[in-house]
Amino acid sequence: TIRAARCPAPSRPRASIGATLPEGPVPTSVMTPGVRGRRGELARSYAAPGAAVSPSEGDGPASSPSPAPSSDEPSLRTRTVRFLVANYFLVGMLSGVALAYLAPGVGATGGPVRPEFTVNQVMIRVMFLISGLNLPLTELRKAVANVRANALIQAFVFGFPAAATAYVLGPALKAAGVLTPRLVDGLVVLACLPTTIGSGVALTNAAEGNVAVSLFHAVFSNLAGIFITPALIFMYLGADCASVGSPYAAVTKLTSQVLVPVVVGMGLRAIPAIGEVLSSKPFKSRLKLTSDCIILAIIWNTFCNTFKSGFGVPASELTSLFMVLSVVLLGYKASILAAARAFGLANRDAVSAVYMGSQKTLAFGLPLIKALFEGSPELVWFCLPALMYHPMQIALGSALVPRLREFANAKEDSGRRAT
């Protein structure tokens, strides 16, 4: 036991120590817990540097074990919840297909949910209203002068890939028996879709590419896609491919379901007070969640109708489709990068072209396909390539971010023309 009289002169007044601990040894058994704690603290403060002070010197019984350090490792339940939250769209898509298989009559046309009204009329219009709300028109002016980058990206969004798929790749796949003609038509529809609104811009930003160029094409291609995508589909697959009948009927339907909601959304965003709210991160997150839920509802309804009428896509054909899309996606990105280098684009513009030229929108494309081919028995075949391509482009685009960031920050070739 430490005697206060034998301790070195404390920095505090002696009277305060004496008031706390009386002179002479005091049995710890008769001390109150507070006195024992203060005595142990005093002993540690007066001990020589490096000297050990046992728990029996005032901290309480020597037999009391010190608490084990808490582990930072999250529990299995926490890890599971985090995984489900981070991958809610994929989980929701697989769950929607499973529910459609188990009870196709619930979400099929004419069922109790009435998807012919709730999904086809209401949700699709809300989806395109959200698309209009998300289009930042102020970015159009910032990148419109970058003519070479814009021409190259649009050539890959609506030009070269769609023509190559319709006239070269598609016939070759059908002749080799790799894919059925209906899935080949789905590949053509996929190639005609606009680029993404959100993911392409986010990946460009992560790779430190030209974000202004990416934003320009996110806005321009989705606005132009309202008219160009149906026109390309009619041109490559024939005017009778859509369930709406004539091209005039298709334009009328697209104007009602697509163009008007997009224009209304853009008009609301142009109001300064509303635009400020829409640009806030919390509101953008809510819009994205709403948009994803609508897409999941469209997927569920599509597969309910498919399973109700009989699903005829074997696993072997889905595997073949995955392999074909893998080659197409890699070919997209490699050919765009090669063309960007040949065109003499700056590195940051080339990174933007790699992402925006090869991405295909599911948020805009799936409702567009649904509006064009509503009621068609071929609808699921037109949707499958887009549904499978979406997670693949996100996965590959994320994996390429470090390499493309390094490329974007590399010094330009001395002979490269400025953009």
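**View 1. Salt bridge between Glu 208 and Arg 405 in the predicted model.** The side chains of Glu 208 and Arg 405 form a salt bridge, with a nitrogen-to-oxygen distance of 3.9 Å. Because Glu 208 belongs to the loop between α10 (199-206) and α11 (211-237), while Arg 405 belongs to helix α18 (residues 379-408), the pair ties together parts that are 197 residues apart in sequence. Glu 208 is partly exposed, at a relative accessible area of 32%, and Arg 405 is also partly exposed, at 31%.

**View 2. Salt bridge between Lys 288 and Asp 292 within helix α14.** Here the side chains of Lys 288 and Asp 292 meet with 2.9 Å from N to O, and both residues lie in helix α14 (residues 281-309), where they are 4 residues apart, or about one turn of the helix. Lys 288 has a relative accessibility of 49% and therefore counts as partly exposed, whereas Asp 292, with a relative accessible area of 10%, is buried.

**View 3. Salt bridge between Arg 114 and Glu 116.** The closest N and O atoms of this pair are 3.5 Å apart. Glu 116 counts as partly exposed at 25% relative accessibility, and Arg 114 likewise counts as partly exposed, at 45%. A search of the whole structure finds 3 salt bridges.

View 4. The C-alpha atom of Val 263 is separated by 8.9 Å from that of Leu 133, although the two residues are 130 residues apart along the chain.

Key: Residues numbered from 1 in each chain as written. Predicted model: local features only at pLDDT ≥ 70, side-chain atom pairs only at ≥ 80, totals over all residues. Heavy atoms only, no water. Salt bridge = Lys/Arg side-chain N within 4 Å of Asp/Glu carboxyl O. Buried < 20%, exposed > 50% of the residue type's maximum accessible area, 1.4 Å probe, protein only. Helix = DSSP H or I, 4+ residues; strand = E, 2+ residues; numbered from the N terminus.
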